[in-house]
Amino acid sequence: MNKTIKKIICLLLVVFSFSFIFQACKPEPEEETPPPHVHEYENGTCECGEIDKQFTTDGVKMELVNEEYYKVTEYTGTNKRVFIGETYQGKPVKEIADGAFKSKLLLRLINIPDAIEVIGEKAFFACTAIEKIKVPETTRKIGNKAFAECTAVTEIEYRAKTIEIGENPYLYLFDNVGTAGKGVSVVIGNSVESIPDYFFYPEKTEDGKYPRANIASLKFEDNSACKEIGDAAFYAIRQIKEIDFGANSVLEVIGDSAFGSCNGVETLTLPATMKYIGRYAFGAMQKLTTLYIGEADGWQLKRGKSDNQEIVKVEDLSAYLKSSSEFNTIAIDQETKLSDLEFSNLSDPEINARLFTALGKFAWERV
């Protein structure tokens, strides 16, 4: 190999080495930031799933109220998906009239805007194909049977802070809801401040039956603002196995019979913030195997005993419940504290029923 060839080879090696070093030291190219997504709505939704909050489906009829806001009066279309905009002709939409969507059998989805304050009587009655019910945070009034007979519902999202109750507290809002499917998932939003009396309580039919909603699960969102659950609010919801009050709950009051006859519940954990438990609040929970009270100390009976009832000392209560069939005569001394009671026998359905019958005779209050 002559000297010229050697020089060429050496030169190529030097060039290659410098090229390698340069490439190794070259900074990585910055990834290009994709442009922001621009929503392109068609019939109320974007392909990304975002809803056009100003879009109103054709066929939704509006009425101007006091030149201030609009009320939805009826729907004359046949769409399966219906959207109600937050505003209409520059003014907010605040009400849905009585019977506005009654018996719209094709309706599967209804987007109720966050600005709605009033949902009228039977507003969505017998919409038998609708799959989800959402009550916005701003809602302050709901009419009787507003969602009754919506048998295909699989999800209820309830976010109303509190609703006005008239002279008749029985609203029968959810009669027969979800009965055509496997059950309804109920979520109580963290904006809710109170659950009204008889919230899920059904209206007795002429043949003596109760058209209860088919509720499969009940969950309160974490950081819930709910401080009170009204009397018989979730009475006889028999399918649920657990009541989840969520983390960081501020719940203080559970009314009389609030969860009475929820006899499918197996686990119950009460928030540490509880101050009052009404009579028969957890009556007839025959499958309950685990009961946890966040703060057991400081509880005692709120209401007195009648003179003709037997007084059962706390240390004898468990044995009494095991041996006595006359548990309807049980009374517990006024100074009894919840932390002293024996709950170890809850797995025995008979003892369980007796224990909760005994406790249910009185309300409990933290003092």
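## Salt bridges at R140

The side chains of E164 and R140 meet in a salt bridge, with 3.3 Å from N to O. A salt bridge here is a side-chain nitrogen of Lys or Arg within 4 Å of a carboxyl oxygen of Asp or Glu. This pair links distant parts of the chain, 24 residues apart: E164 is in the loop between strand 12 and strand 13 (184-188), and R140 is in the loop between strand 10 and strand 11. Strands (E, at least two residues) are DSSP runs, numbered from the N terminus.

The model is predicted: local features need pLDDT of at least 70, and side-chain atom pairs count only at pLDDT 80 or more. Residues are numbered from 1 along each chain, and side-chain values use heavy atoms, without hydrogens and water.

R140 also forms a salt bridge with E117, where the closest N and O atoms are 3.3 Å apart. E117 lies in the loop between strand 8 (109-111) and strand 9 (118-119), 23 residues from R140.

## Exposure of these residues

R140 is partly exposed, at 33% relative accessibility. Partly exposed lies between buried (under 20% relative accessible area) and exposed (over 50%), using a 1.4 Å probe and protein chains only. E117 is partly exposed at 23%, and E164 is partly exposed at 45%.

## The pair K132 and E155

K132 forms a salt bridge with E155, the closest N and O atoms being 3.7 Å apart. K132 lies in strand 10 and E155 in strand 12 (residues 155-158), so the pair ties together parts 23 residues apart in sequence.

K132, E155, E157, R159 and E221 are linked in a network of salt bridges. The whole structure has 13 salt bridges.

Key: Helix = DSSP H or I, 4+ residues; strand = E, 2+ residues; numbered from the N terminus.
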